[in-house]
Amino acid sequence: RPGRPWRSHTMPPAPKKTKEAIAKAAQAGGGKGKKKKWSKAKSKEKLANMVLFSKELYDKVVADVPKQRLITPSNLSEKFKLSGSLARKIILHLFEKGLIRKVSHHNSQMIFTRAAAPVEEPEAEAAAPAKGKKGGKKEKAAAAPEE
C-alpha cells in the first residue's frame, strides 16, 4: 500500500516530570487514595416475644382475636408480642372452641377469620315469593286462582 506505511506510528515519549512535579502530585492525594472500609451491617433488634401466656394476656387475646377479620399466626405474633408457636396454639384453641373459622391452611401458613353469626336470611327467602324470575304464561296461569 503506497499511501499507508505499515506500523510507522509510534507513541511519542512521555513527558519527563521534574522532582517538584512528582512531589506536588503526591501531595495532591490523587491515585489510589485510602482503602474503602466495609460498612457495618445493620443489626435487626431482637424481639422479646412471650412464650407463655399470662392470665391477662390470655383474656385479652380471647376477647380481641375473634373480632378480627384476618387471623394469622404472624398477625397475632406482631400485635400481641407472642412467639410464633404460641400464636399457632391459640389460633387452634380458638378454632376448636368455634370462635373463629378456617379460611385456608397451606403448609405452615394458616388463615382464619371471625366466625359469622348464624344468619336467618335463607329461611326468610324460602318463605317469600321469588321476585324477578323470568316466567312464562304457564307459571302465571298456575299462580292465578282458577274461577
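1. Start with the Thr 113 side chain: in this predicted model, one of its polar atoms sits 2.6 Å from the backbone oxygen of Arg 69. Arg 69 also turns up among the residues that Thr 113 touches.

2. Where is Thr 113 found? It belongs to strand 2, which covers residues 109-114. With a relative accessible area of 13%, Thr 113 counts as buried, because the cut-off for that label is under 20%.

3. Setting aside residues up to four places away in sequence, Thr 113 touches Gln 68, Arg 69 and Ile 71, plus Ile 100, Arg 101 and Val 103. Take Val 103: it is 10 residues from Thr 113 along the chain, and the two C-alpha atoms are 6.6 Å apart.

4. On to helix 2, residues 55-64. Its buried residues are Leu 57, Val 61 and Val 62. Looking down the helix axis, these buried residues fall within an arc of 130 degrees, so they line one face of helix 2. Lys 55 and Glu 56, on the other side of helix 2, are exposed.

5. What do the buried residues of helix 2 pack against? Their partners are helix 3 (73-80) and helix 4 (84-97).

6. Last, have a look at the loop between helix 3 and helix 4, where you'll find Ser 83. Is Ser 83 buried or exposed? It is buried, at a relative accessible area of 14%. Leaving out neighbours within four places in sequence, Ser 83 makes contact with Asn 49, Met 50, Val 51 and Ser 77.

Definitions and conventions. Residues are numbered from 1 along each chain as its sequence is written. This is a predicted model: local features need pLDDT of at least 70, side-chain atom pairs count only at pLDDT 80 or more; totals for chains, interfaces and linings use all residues. Side-chain values use heavy atoms; hydrogens and water are left out. Helices (H or I, at least four residues) and strands (E, at least two) are DSSP runs, numbered from the N terminus. Buried means under 20% relative accessible area, exposed over 50%, partly exposed in between (1.4 Å probe, protein chains only). Contact means heavy atoms within 4.5 Å. A polar contact is a pair of N or O atoms within 3.5 Å; within protein, one must be able to donate a hydrogen and the other to accept it, and residues adjacent in sequence count only if both atoms are side-chain atoms. The arc is that of the directions from the helix axis to the C-beta atoms.
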